[in-house]
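Q: Hi! Could you walk me through this structure before I start working with it?

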Amino acid sequence: MGKNERLLADEDDAFATAARVKYYNIVIDSGQGAEITDVDGNAYIDLLASASATNTGHSHPHVVQAIQDQAAKLIQYTPAYFANTNGAELAPRLTALAPISGPTELAWGNSGSDANDAIIKFARAYTGRQYIVSFTGAYHGSTYGSLSLSAVSLNMSRKIAPLLPGIVKVPFPDPWQRLAGESEDAFVDRMFKAFTLPFETYLPAEEVAAVVIEPIQGDGGIIKAPDRYLRQVVDFAHDHGILFAIDEVNQGMGRTGKWWSIQNFPGLEPDLMSVGKSLASGLPLSAVIGRQEIMESLGAPAHVFTTAGNPVTAAAAMATIDVIEQEHLLDQSRILGEKAKAFFEAEQQKYPFIGDVRMYGLDGGIDIVDPETNAPDPVATTKLIYRVFELGAIIISLRGNVLRFQPPLVITEEQLNKAFVILAQAFSELAAGQLKLPANADQIGW
Ligand SMILES: Cc1ncc(COP(=O)(O)O)c(C=O)c1O
C-alpha cells in the first residue's frame, strides 16, 4: 500500500462525506508554481489551481516570504478590535483596485461564502428591502446565506431546509437553455423575459434589495452571461432601486485576463462585490467591497470575525497583488488563454465529442457531449479526466460533463504544452474507444 492509500484510509473514518467532492485518491504534499506532488512522489501539472485559489501558483517565493516574515512578527490580533499594519495598508489598496468608481469601502471575511452572506446583509440594510434575486447554476458557497443563493447541486440544499427566506432564482442564460436554431438576439430576449417574469407576477420590484450574479459563472460551467443580457439586467435593477452585486470569488484576481470578470463587460460597475480564494493566494481571506454609502449602512458589530483580515492573511494578499502586478499575470492569463483556446478548438475539429469551448483568459469550460445526440456525456468526461490524471495532470469536471481548465496564471509555456500533449493523448484514446471508467467512477465528481 502506498502512502496515498494509507493516509486516505486513516482519514476516512474521521472525515465527513459532505466535506469533499471526490476525484482522485491522492494526498497532496507539496506544490511549486503550476506543479503539485503527492505523498508518494508523483508530480502533476495542476490545471485546477486549487479551485482558482492559487492564481499566483503554489508557494510563490514572494508570498511565502511575506507569510514567513509576518508569522514571525505577529500571527494574529483580531481586526474585530484593533487594526494591524498589513490590513490597514491592504484595505485602501484593494478598494482602489475594485471596479467601483467613487468612495468604496470593504469588510473582511474568512471565506468566499461569508463574503456572499455579507452581500445579503449590506444590501438588505441599505435598501430596507428583503428579497434577493440569484441565478440557477450559481455556486456562491456553503454557509446558509451563500448556499441559499446557490443552485447548482441538490446535495447543497437537501435535508437542511428551511434555507434563508426571501431568495428568488431566475435562469442563468447558459448555452443549455438555448433552443435549436435560436439566434443570439432571440435567446437574450427570451432569457431577459424569464428574468422579468417574477417581477411581473409575484415579486414587487420595490421590495427587492439586490440581484447577485457571477458575470462569468464558475462552477456552473465557466459561462459568460451574454453582454446585452447583463446590461439589461443592470438597467432593470437600477431603474427599480435594486443593487447590482457580483461574485468575483472564483473569477476575480486576474483569472479572466482582467482583475475582475465584470471588466469583460466594459462600462458595467457593481454596487457590491465579493472576493476571496486567490486574494491571499489561498490563505483564508475574503472581502465584501461596495459603495461607501452601502457599506456604511450597518453598525458594529454587525459584520466582525475574529480572524478575518488578520496580519498573516493580509501580508499574503499584499504579496499576491505585488506578484500579479510585477509578473504581469493579467497579460499572461490573456496570452496563454489564447493558446489554450486555439488548442481546444483544434481538438474540437478532430473530435465530435468536444462540444462548446469557452475560454476567457486561462479560464475554460469545455463541454464533452455524445456525438450522436449532442447531449452531455458525463461517462466520457469521467473517463477523460481520469486518464489525464493517470498521465500526470489534474483536471476536474463541472456539472458532470464540463472540463474545468483553470491552471495557475504562472504556468509556464513548457508546462502548458506538456498539458496539451496529455490532453491530446486522452482525447485520441477516448476516440479510439480505449478508455475505461475507473473502479471508483461512481464516487467521482459533483
Ligand atoms: C463563485 C464562488 N463564490 C463563492 C465561493 C465560496 O468560496 P469559499 O469556498 O471560499 O467559501 C466559491 C467557491 O468555489 C465560488 O466559486
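Predicted model: local features only at pLDDT ≥ 70, side-chain atom pairs only at ≥ 80, totals over all residues.

Q: Thanks! Which domains is the protein divided into?
A: Domain 1 covers 3–56 + 328–443, and domain 2 covers 63–326; the bounds come from an automatic or database domain assignment. Their C-alpha centres lie 26 Å apart.

Q: And how many residues are in contact between domain 1 and domain 2?
A: 29 residues of domain 1 touch 33 residues of domain 2, contact being heavy atoms within 4.5 Å.

Q: How many salt bridges are there?
A: The count is 19, taking a side-chain nitrogen of Lys or Arg within 4 Å of a carboxyl oxygen of Asp or Glu. One of them pairs Asp219 with Arg404 at 3.2 Å, N to O. Asp219 sits in the loop between strand 8 (216–217) and strand 9 (223–224), while Arg404 is in strand 17 (residues 402–405), 185 residues apart. Helices (H or I, at least four residues) and strands (E, at least two) are DSSP runs, numbered from the N terminus.

Q: Are Asp219 and Arg404 buried or exposed?
A: Both are buried. Buried means under 20% relative accessible area, exposed over 50%, and partly exposed in between (1.4 Å probe, protein chains only).

Q: What about the Asp356 and Arg358 side chains, where do they stand?
A: They meet in a salt bridge of 2.9 Å, N to O. Asp356 is partly exposed because its relative accessible area is 33%, whereas Arg358 counts as buried because its value is 5%.

Q: Switching topic: which strand runs antiparallel to strand 13?
A: Strand 14 (residues 364–368), joined to strand 13 by four bridges; two strands pair if DSSP finds at least two bridges between them. Ile354 stands opposite Ile368 in strand 14. In this hairpin, with four residues between the strands, Gly361 takes a positive phi near 70 degrees.

Q: Is strand 13 mostly covered or uncovered?
A: Mostly covered: five of the six residues in strand 13 (residues 354–359) are buried.

Q: Last one: where does Phe82 lie?
A: Phe82 is in the loop between helix 3 (61–73) and helix 4 (85–97).

Definitions and conventions
Residues numbered from 1 in each chain as written. Heavy atoms only, no water.
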